[in-house]
Amino acid sequence: MSVNLSDRAHLALGVCYYPEHWPRDRWEAYARQMHDLGLTYVRIAEFAWSRIEPREGNFEWAWLDDAIETLAAEGLDVVLCTPTAAPPAWLARKHPDILAWNADGQQLDHGSRRHYDFSSPIYRSHSKRITQAIAERYGKHPAVVGWQTDNELSEHQSYSPTAQAAFREWLGERYPEVDALNAAWGAVFWSQEYGDFDEITLPNLTVEGPNPSHVLDFYRFASDQLVGFQEEQVAILRELSPGRWITHNFMRFQPDFDHYRAAECLDFVSWDNYPTGGVELSDLPDEEKARWARTGHPDLISVNHDLYRGLKGGRPFWIMEQQCGQINWATTNPLPASGAVALWTIQAWAHGADVVAYFRWRAATVAQELMHSGLLRHDETLDRGGEEIAALDLGEYPNEPIATPVVVLHDYESLWAYDIQPHNQRASYWGQFMLFYSALRALGVDVDIRHPDSDLSGYRVIVAPALQLMSDTRANHLSSYAPTAEMIFGPRTAYRTHTGRVHEDGQPGPLRELLGLSLLNVDGIPDGTHVSVGDHQATIWAESYRATAGTATHRYTDGPLSGQAAVIRNRSVTSVGAWSASLISHILETALEHAGIETRPLPGGVRITRRGGNIIWLNFNNEAVSINGGPRVSGVSAIATRDA
């Protein structure tokens, strides 16, 4: 068997299923219902370690054998998980040092999930052991078509004594001597210089905020620990389950680790899409949260689709967990609008998902998630989400490639550096990133999202909303695309070196020749106030420039930066210093025009996306909308038409 990532000509559907939660006499009926509902894939076992191995070394496989065979009998393909996301109680009690410690210096306990410490050698050895055991038993089973590692990797920054020892070792490998670390961190500040790596602790429990370069390196260390943990599992699965693909289910806006590195060992990536929870946890104004409470915000969903499609260079992705009703973990958990589940499904496909799997099959009747919906209600009747997907004609959604001439650059290390020192409590990396992303989507433009060090050949517009960290190598790489592309850079561009220091010659350091400017001043704008750039209002952040080669195209017209440049254009490169949605939209529209890319300004709540030969029209409003040059789209629905 060879790995085939695109064996489905059209969108396929799946479901997350927990046979261990249900009586054995319901399994055949469930499998038959899944088949009849049009499902293809069934994900199982990511939290089943205690059932698989109730006591150390005592494996009980019969129930899982039976579950897989029952699903296979209905022609369903099984996605099997490594069950390491919830280590059993016996392991935590025998080896309490596998448990994570929080930033307050408290050791966490068994009784939930993701309670393990990636730095624990004991936990890593048991992770490999259980992965090997399940792969040896099912790795060549004909019904098992692929694997998911662990579950929703996150919350991994353990502050344990074990993590501290591992961090010191990591630093010793990164820096040739401790004086090099002192220089990189600027440790002379506040007498933070170290004489030996063993003097370094984790960046928590300090009287005031810890050194930001110390924190940045700790984030890198913790990310590397997670990546190594996943790579160990993948290596075992590659050896013992040949021909099967391997993925992992990432989460929305998850900042804790470098997803690009974590995705390198995978065949494709997946992510878990919960749109209503995304609105509740967002920094949208209250009136916007109310507007999108039952449909999700279209851009907060699609940006994650585009990000995860981009982790593997544009390869199709999966939604491994798609919300199909109310959830249980946000602040109010509203019931989604009628039509929302079908809309989210089509939106995912439009942005490159080849498979959408729903969480979960039947609503749980026990424990932490018993208020969370499924395709079946508690009484086993089909819930509203199940009815909506049953009505989908999957033949209307061919799995064709996505191509766009516009790319938005994204970098987790810049995210960490930005959010460690936002300078304004309302500023954030993702907040600034979304100013540019949403402006492009509102103009009817599809985008790719890529790492700044990736190959950007062929893009006619390159947008870097918040690229804080800049080395000479990265600067040279980006500069090589200026002759063939329009380039737009946002505030705080190239503010720091790779170690988190400010460039000795100031912003933008090695990008000065490309951008044609030097930074003058920054302004963290107080709540309830703004500054003006002509007719545009800026809130949260403003920075001004002195032109060194470029030309000022927009200036501040009031406030402390009045008269200074807010926007500099240097040949095909434009730098924007103001946190202003209208100004950024204007700059982007102008750049797209220069690049010969057609725009289509859209009504609020309406988005269009192109996949292959299709144009997909998505309406997140409750009322129907007639789109200029397009169809009339009913409220909370989507239409796919062939591109003429």
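Me: Hi! Which residues form that nonpolar patch on the surface?
Reply: V188, F189 and W190 do, and together they have about 380 Å² of accessible area. Patch members have over 30% relative accessible area and no salt bridge, with nonpolar side chains (Val, Leu, Ile, Met, Phe, Trp, Tyr) joined within 5 Å and like charges within 9 Å. The areas come from the Shrake-Rupley method with a 1.4 Å probe, and for residues only the protein chains shown count as cover. One caution: this is a predicted model, so local features need pLDDT of at least 70 and side-chain atom pairs count only at pLDDT 80 or more, while totals for chains, interfaces and linings use all residues. Residues are numbered from 1 along each chain as its sequence is written, and side-chain values use heavy atoms, with hydrogens and water left out.

Me: Where does W190 lie?
Reply: W190 sits in the loop between α7 (178-185) and α8 (212-240). Helices (H or I, at least four residues) and strands (E, at least two) are DSSP runs, numbered from the N terminus.

Me: And is W190 buried or exposed?
Reply: W190 counts as exposed because its relative accessible area is 56%. The cut-offs are under 20% for buried and over 50% for exposed, with partly exposed in between (1.4 Å probe, protein chains only).

Me: Switching to charges. How many salt bridges does the structure hold?
Reply: There are 35 salt bridges, each with a side-chain nitrogen of Lys or Arg within 4 Å of a carboxyl oxygen of Asp or Glu. One of them joins the side chains of R129 and E53, at 2.7 Å from N to O. That pair links distant parts of the chain: R129 is in helix α5 (residues 121-138) and E53 in the loop between α2 (49-52) and α3 (62-73), 76 residues apart.

Me: Why does E53 count as buried?
Reply: Because its relative accessibility is 0%. R129 has 26%, so R129 counts as partly exposed.

Me: What about E152, which residue does it form a salt bridge with?
Reply: With R114, the closest N and O atoms being 3.6 Å apart. Here too distant parts of the chain are linked: E152 is in the loop between β4 (144-148) and α6 (161-174), R114 is in the loop between α4 (89-94) and α5, and 38 residues separate them. Both E152 and R114 are buried.

Me: And how far apart are the closest N and O atoms of D299 and R607?
Reply: They are 2.9 Å apart, in another salt bridge. D299 belongs to helix α12 (residues 298-311) and R607 to strand β21 (residues 606-611), so this pair ties together parts 308 residues apart in sequence. D299 is buried at 1% relative accessibility, and R607 is buried at 9%.

Me: Which residues are linked in a network of salt bridges?
Reply: R174, D217, R220 and E413.

Me: New topic: how many residues of helix α13 are buried?
Reply: Eleven of its eleven, residues 340-350. Among them are W344, Q347 and W349. After α13 comes G352, with a positive phi near 120 degrees.

Me: Which residue other than glycine has a positive phi near 85 degrees?
Reply: That's A45, in the loop between β2 (41-44) and α2. A45 is buried, with a relative accessible area of 1%. L205 is not a glycine either, and its phi is positive at about 60 degrees. L205 lies in the loop between α7 and α8, and at 63% relative accessibility L205 counts as exposed.

Me: Last one: what volume does the second largest pocket have?
Reply: About 470 Å³. It is lined by 22 residues, and P212, Q421, R496, G500 and V502 are the closest to its centre. A pocket is an open set of points on a 1 Å grid over the protein atoms alone where a 1.4 Å probe fits, with protein on both sides within 12 Å along at least five of seven lines; lining residues have an atom within 4 Å of a point. Points are joined across faces, edges and corners, and the volume is the space filled by probe spheres set on them.

Me: And how does the lining split by class?
Reply: Nine nonpolar, nine polar and four charged residues. Ala, Val, Leu, Ile, Met, Phe, Trp, Tyr, Cys and Pro count as nonpolar, Asp, Glu, Lys and Arg as charged, and the others, Gly among them, as polar.
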